[in-house]
Amino acid sequence: MSVVQAVKNYVSKMITESEPGYKIMLMDKETTSFVSVVLGMSEVMRQEVYMFERLDQTSSGENMSYLKCLVYVRPTKENIDLLARELQKPRYGTYYIYFSNVVSKSDVKLLAEADEHEVVREVQELYADYQALSPHLFSLHMPIHCLGLKWGGGALQRTVQGLAAVLFGLQLLPSIRYQNNSEMARTLAENIRQTILTESSLYNSTEAEGNTLLLILDRRDDPVTPLLQQWTYEAMVHELLGVNNGRVSLAHVSGVADDLKEVVMSPTQDEFYSRSMYLNYGEIGQTIKDLMEEYQKRLSKQQKVESISDMKNFVESYPQFKKMSGTVSKHVTVVGELSRLVGTHGLLGISECQQELVCGSDHSTNLQRIFQLVTDPRVREVDAVILVMLYALRHECNPSNDMRGLVSALKKRNVTDRYLKLLSSLMDFGGAKSRQSDLFGTQVPQNVSTIRKRLFKGLKGVDNVYTQHKPLLLETLMELVKGRLREGAFPFCGNPPSSTTARPKNIVVFIVGGATYEESLTVHQFNTNNPGMHVILGGSTIHSASSFLDSVESAMDGIPRKALRI
Amino acid sequence: MSGAELGNGRDGEVLEGFLCPFCFLDLTSITQLQAHFEEQHESEDKAVLQSLKGFLNKAKKKLLNEDEPDFVPARNHNPFDDGAVEYEPNNPWNWDPPPLGPSRSHTALFKKIRSARIDSFVAETNKLLIRLDKLLKDLPSDPVKRKAHERSIVMWADDKDVPLCPFCARSFNLARRRHHCRLCGGIMCNECSHFLEFEYAKKLISPVHQGSMVQSAAVNVSSGVGSSMSSLFSGISGLRRSGSQGSLNSLLSVMDSMTTEQNFRICTHCMTRLQARDNQVEQRTSKPTLSMYYEKLMEYRSQIESLLPQFIRMAESLSLRDAEELRVKILKKGDSLNSMAQRVRNLGSSTGQDIGDAASSHVPPSGPRQELLQRRIQSTTTAFLKEQILSLPKLPTHQELKEMQERRSMDSRRMFTAMFKLRVIEYAEQTHNCAAAREFKVSKKSVRDWKKLSAQLKLLPKNKCANRGKCNKWPQLEVEVAKYVSENRQNGYGVSRGSIRIFALNLARKLGITDFKASHGWCTRFMKRNDFVLRRKTKISQRLPQELDDKVIEFHRMEAEARLAAEKEATRRAEARAAEILRRRDRDSRDSPRSTPSRSSSVTPPSFSSLKKRQQTEEVVVDTGWGADSSAHNVTETDDPMIQQMNIIRNYIKQAREASRYDDVPLLEANLRELQEEYKKQQRLMNP
């Protein structure tokens, strides 16, 4: 069920099918990122693929006919045209063409007609059309998914393709449920269903209906999670430094060494990272400290090279040591930068306030605290705005809320117009009117189980003030597993499976409008705690607070604002 | 990935961990096992449940001294131990790898469409070639006769039918005259016509060319057409053979008489057809030097790859002599692989040509992308060597082996039954602690510890291993107290230790338990057993360790120092080397001006040892993220110390010139020349 492994399988299939010999890989922008997040460059080079080229950036006309060329591209119109042009003037000896998704017969014909030099050996379609970030997490790398609250141009098709590729690649034939109040989720569900029906020949068997489920959610139901400050290593790196295709740029960090200007932060390629990505901030500091101590111990051992046997030991342990020193300096730099940002922007205090606001219920103290933070010049503009946004979402229905006061405080700070606009856009995007779930647990509970659950919440006590919040997704998953997810809120697309008692074992959750690393962590914990269950999370993209705000901005573009007038 | 490998080794291993006694599910912690048990097996025998609970409580007491295993790896484990992650089958990283997903082949369809199109091209091209052959045969040298000859073979199109040039679509007039393609008879203007050199035409219809063409055609063309085609080709080659001598003679005579007209005028269309054919044949027959080198390289690599597991098996089974032999063999193979990689790297490279490398002199200089390819091949091979060969397990000597075994038996934590411990104690009392430790192969400390506990051990059942403290004496009472606590909490009342103890004491009185004191210790144990927490909200876990900042600064300083030291070392060595050469040169000139003493000793043989040395200065390649190769040509960084030194001396020369120290310049130049010579020698050694 691991999506990372599914993509890896496909890549190694491509490489092995073309027989030994040196090879070049010709990819487009997106497929490059698909491969590079799951495999290190040196790993691919070990398998005789030495060169990489972008189909849309073929600069050099140098003829290298002794090379075999593996083409791995998405089946888009532009790619087919570029490929046809390439085949008319082939620069390499033989071509093995793999499409990352279903390709139409007419496109194959177009290519066949272009191949006058008979260089093509293989034309196949695979189903690896997504970024597999972790075994249970995939992204379509599409930050802007919706325009004016409707599927943007081509976004629906891309989403259907990506999601279908996950289902095909893992041989999942699911029943589909979607969030009832979201028109986009419904459209997507129907399209997916249609695609699965037309491509049913891809499935070996038609069973697995009962225990597999595709659940399509909409980000609008939980606008809070992407706004909260996160404290796990993975989420912090993304929030504060920004992970792009598994890479983090540290070029802006002062005094950074040249080889650390851009570092890989991908759990598939960095073992230390994969082990520590879910650790909390404090724990990371401790781990890094241990790491450095260990390194220094080894270094002092290294420096004592006197006898012959010392020499021998040195040579033998050297590669491992070198690898370690690379790991250490990378993570020390990253954590150092994180801690600097946390310190200068006062993120601990902000986060505490955020968590109390979202999880607690004390209105007046929170309001005071927010006023204090919003007026504090040390707090970044964007953090101040996010605090007000969270307050607005949390206390939207509270008659005694003081939005007016907060907005005027923001204005006094000279917050840019964009943010003020965003504040009201967000209220339309994810305000109480556009949500169907009880996000803050403020509604009057409908049944006994919710009451009990709420009481139990307090029972175990809270360990950490900064990580009180649990995303809505967790609740949805728990209800789903217990078979209590209401059909009214999450109806089936098409007929519900006949045996409704069977609880799903394999669940693919897709969040229209992007997932977050907090949700990824939740799914990871959920999987670890529920043996036999496999939950995979996917999203249009993986959001940080700023990318989420961008997507809200474009989603609400051209929609008149109703909820909040400023 | 380690996750996948871990996932594979599940079958057949002894199951251990928190297993449910009914369904043998592995649950990761006690709490979960208990929850699972209560949820799934409620209907099962209550007695089993009770006994399980009792057992769990005991086990829990022991285990909870450590941290409850959470989903995160324990904080204090060594981050460098590979594969040290505990095996958690539910962790997504350890999920069973999925089988290869489906794929759909369009190759058959593609080939069908392609061959339908290609067949017509092939026929057309063949027609052109036959005509070309006929044209070349007995070509008259006189232009008028030649024209007649050309027209007798190819029907020329009528001038009237073609008012415009079909290629540039401009009208013909006095200045732009009509010309005929000699191969298809079509009309075009002068600007649009191509000229087919006789030499090139000869090459196109030469027997080598044809032979390979027949083969390829037989392969490519679908069966029905294939037979007729090949018969057609054999016809051509027959023709060729009979006429070759004649046409060659005529050609020569033409060349003698009129040097201007050694070509046929042909149209663009025919030209592309012929060129495409030529390229195709060229590709099938020629094989660049690089390919040959590379094949050899991969051969070595696969040999090493096949030898390695054999060696590791031997090393593990401790058949030391054979293993040593094999080790030497692998190292030798590594040497030749390394030198092969060097050769690939230097093939046609600019540095190689600079100093006139013998091996690459006949190879055309490679383009920037080929150079990149060569560099990548070399670096991958070096990485392979580093990983595979340098990390070959060291073979222990016999003595080490023995020590190792002993140490292992001492170190490993074993369990001893009470009976065994009593036997040890008895022996120790008869002799002394040391003797007992030696005799039973346990540490002295445990003997001492057991002696202290001897009274307790006597009370234990004989086969019990551990004395793990008290168990829950009043199960019924605790169940009641637990119920009280959770009820209170659910109703929103706070519960403190004090209230728990008071309630328990009252309850004990009610139940008639007399020896119950509701002590502080009992309360702690009770809360642990029932997983109650009276914690307050904390902020501590979010703080970074206090000394982290100092550590980071210290680390950076240390790193910078290491870098500086490495640089200093490198320059020092280079200078020392230059000085040595200077010295040697002086001595040479003093001793005998012409004779050159054998310098091979100073030249480091390009062997594996040099690779090892070089690693000390080489920066480690952290696997940085990657995309396509944006700019093909990067600045080549030489890592050969010789070239570095040459560069250093070149810099010296430049400096000397700038400082107008002209006396030094000739001396330094002589040094440079000498170095270059040595480098050449080294290269020759490397590429015999």
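A:L387 touches A:I350, A:C353, A:Q354, A:I370, A:L373 and A:V374, leaving aside residues up to four places away in sequence; two residues are in contact if their C-beta atoms, placed from the backbone, lie within 7 Å. The model is predicted, so that local features need pLDDT of at least 70 and side-chain atom pairs count only at pLDDT 80 or more, while totals for chains, interfaces and linings use all residues. Residues are numbered from 1 along each chain as its sequence is written, and chains are lettered from A in the order in which they are written.

A:L387 also belongs to the largest nonpolar core, which has 189 residues; A:V71, A:L387 and A:V388 are those with the most contacts inside this core. Such a core is a set of buried Ala, Val, Leu, Ile, Met, Phe, Trp, Tyr and Cys residues joined through C-beta atoms within 7 Å, and a residue is buried if 20 or more other C-beta atoms lie within 10 Å of its own. Helix α14(A) gives the most to this core, with 10 residues. Apart from it lies another core, of 22 residues, including B:L129, B:A201, B:I266 and B:C267.

Helix α14 of chain A (residues 381-394) packs with helix α16 of chain A (residues 417-430) at an angle of about 30 degrees, the axes being 10 Å apart. Axes are lines fitted to C-alpha atoms over the stretch in contact, and angles run from 0 to 180 degrees between N-to-C directions. The two helices, α14(A) and α16(A), are therefore roughly parallel, a term for angles under 35 degrees. On the α14(A) side the contact is made by A:V385, A:V388, A:M389, A:A392 and A:L393, and on the α16(A) side by A:Y419, A:L423, A:L426, A:M427 and A:G430. By class, this contact has 9 nonpolar, 1 polar and no charged residues.

In chain B, buried residues make up 20% of the 688 residues.

Technical notes. Helix = DSSP H or I, 4+ residues; strand = E, 2+ residues; numbered from the N terminus. Parallel < 35°, antiparallel > 145°, perpendicular 65-115°, else oblique. Nonpolar A, V, L, I, M, F, W, Y, C, P; charged D, E, K, R; others polar. Buried ≥ 20, exposed ≤ 12 C-beta atoms within 10 Å, placed from the backbone.
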